[in-house]
Every structure is written in C-alpha cells, then in structure tokens.
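Visitor: I would like a close look at one part of this protein, namely its aromatic rings and how they pair. Please take it slowly.

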Amino acid sequence: MPSSHYEPNIQEYLDFVLSNSQRGDVNSVLSAIDKYASTHPFMHIGEEKGASIEELMNQKPVQVMVELGGYLGYSAIRFANQLPTTGHYYSFEISPEFAKVAGKVIEYAGLSSKVTIIIGEFKYTSKTFTEKYGVEKVDFVLIDHWKDAYLQDLKIIEKLQWLNIGTLVVADNVLYPGVPEYKAYVEAQTERYTSKMIHFKVRHASELDKVLDDALLVSEFRG
Ligand SMILES: C[S@@+](CC[C@H](N)C(=O)[O-])C[C@H]1O[C@@H](n2cnc3c(N)ncnc32)[C@H](O)[C@@H]1O
C-alpha cells in the first residue's frame, strides 16, 4: 500500500458485503469482498495472491498465524479459514475504525473464535503480545502493512524470537509499491532465510486502470 493511503467508505463496504453474502459462509463473504474490490479502490491481498498463500499454508502445518495489517478483514477471513480447528489467527491493525468493521465481517463469516484483532501500531502492540495471548512462537507471518515499517517490524519479530525454524515470513507488495530495504535485508541473510519471489500482475487500489508487476517475497526462517 502506498503511504498516501485513501480512506474507504467503510459503511458502504460493510453494507455491501453483508447484503451480498450469507452468514457463516466464508466463501460467499470472500467473493462479496472480491466483488466490492473489483469496482472500488481496495487494499486487500486478493484472490490470486490469496490462493498462493493458501498453497504455502498447505505445505506444512500452521497453528499460529500473524498478520501485520488487517485492514477490513479479508486476509484474516481467508487464511483463518485454512487453519485447523485448534489454530489461531492474530491480525494486527493500527486503525480502530478498520478493526471494528473487520471484526463485524469476521463474526459474520463465523470465524470470531479463530481470529483475534490487535488494535494499535505493531511496534507497540507486539511488545505485550506474548504476555497477553500466551503465544511465544508463530508458524506463519504475513507482512502487509505500511511499507516503511516492514523492515523495522521484521527486526522486532526477530528480537522477540517469534520465529520457529521453518516459519514462513511472507511480505506483500515487494515490487509495487516496493520495499527495497526489506528485500535487501532478507535476501542478504542466506544463512537465516531461504527466500523466493512469487510474481503477479496486479491492479493497484490507487490506479485500477493500470496493470503492474508485483511479488510476494516468501522467506523461510532457518534459525
Ligand atoms: C494493505 S492493508 C492490509 C490488507 C489486508 N491484509 C487484506 O489482505 O485484507 C494495510 C493495513 O495495515 C494497517 N497498518 C499500517 N501500519 C500499521 C502498523 N504499524 N501496525 C498495524 N497496522 C498497520 C493499515 O491501517 C491498513 O489497514
């Protein structure tokens, strides 16, 4: 997401999703959000990248997943739905307004018991995460918040020692808008991370008429 993010009409979004999907039917909720996003500027991970992340999640067991940047609930619904019944999804979101609407959509999709939204800026809320939720290690991290915070917040995650050997850290938008410092840092550490890019052609929320090159950077933590 560019740092000059726009403010969506969150009430219109909520009304649209609730009236175009069925309560408790995750796929219908995701389709309604995708449909809304096809005609409005919207910053969700989307169908194609979403499917790619689901594939990664299916390659090894994921019990605890964390995302930096929850927005209006799409990625939380999509990926929490892939977790086993004993799994849990923690969605960090700085905006209380976005978090409130995300919570409503997650509840409507029937996933409230699997998703916890943590409101506030990650660099602060991360400090009390283990103490509050009893979680010491995470199996999967999705980084999808402000681009200028990617590297700083990965370093916080490293310092807090949340990563298990084998934990996947997946960063979105590494080519557009781009996170060169994050990419250089992770790719330089070949002893600690095995990284690969997955490429996509995307339409960005702020320029829906243009097709752009983007990628997920998938980094497996090696210790
Ligand atoms: C691209 S959107 C996330 C999209 C979401 N993952 C999805 O696929 O539906 C980025 C979100 O990150 C949030 N955000 C930005 N900086 C943050 C920070 N430092 N801590 C927590 N959330 C942050 C923004 O408010 C915004 O909702």
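Guide: What follows goes through the ring pairs and then turns to the nonpolar cores. This is a predicted model, in which local features need pLDDT of at least 70 and side-chain atom pairs count only at pLDDT 80 or more, while totals for chains, interfaces and linings use all residues. Residues are numbered from 1 along each chain as its sequence is written, and side-chain values use heavy atoms, with hydrogens and water left out.

The structure holds 16 aromatic pairs. Rings of Phe, Tyr and Trp (its six-membered ring) pair if their centres lie within 6.5 Å; planes under 30 degrees apart count as stacked, over 60 as edge-to-face and the rest as tilted. One of the pairs is formed by Tyr 90 and Tyr 133, with 5.5 Å from centre to centre and 55 degrees between the planes, and it is tilted. Tyr 90 belongs to strand β2 (residues 88–93) and Tyr 133 to helix α7 (residues 129–133), so this pair ties together parts that are 43 residues apart in sequence. Helices (H or I, at least four residues) and strands (E, at least two) are DSSP runs, numbered from the N terminus.

For burial, the cut-offs are under 20% relative accessible area for buried, over 50% for exposed, and partly exposed in between (1.4 Å probe, protein chains only). Tyr 90 counts as buried because its relative accessibility is 8%. Tyr 133, with a relative accessible area of 31%, is partly exposed.

A second example is Phe 122 with Trp 162: the ring centres are 5.8 Å apart and the planes stand at 90 degrees, so the pair is edge-to-face. Phe 122 is in helix α6 (residues 122–125) and Trp 162 in the loop between α8 (150–159) and β5 (163–171), so the pair links parts of the chain 40 residues apart. Phe 122 is buried, at a relative accessible area of 5%, and Trp 162 is buried at 1%.

Ring pairs also link Tyr 13, Phe 16, Tyr 36, Phe 42, Tyr 71 and Phe 98 into a cluster.

Now the cores. A nonpolar core is a set of buried Ala, Val, Leu, Ile, Met, Phe, Trp, Tyr and Cys residues joined through side-chain atoms within 4.5 Å. The largest has 45 residues, and Ile 53, Met 65 and Ile 77 have the most contacts inside it. Apart from this core lies another of 29 residues, among them Phe 92, Val 186, Tyr 193 and Phe 221. In soluble globular proteins, nonpolar side chains tend to be buried together.
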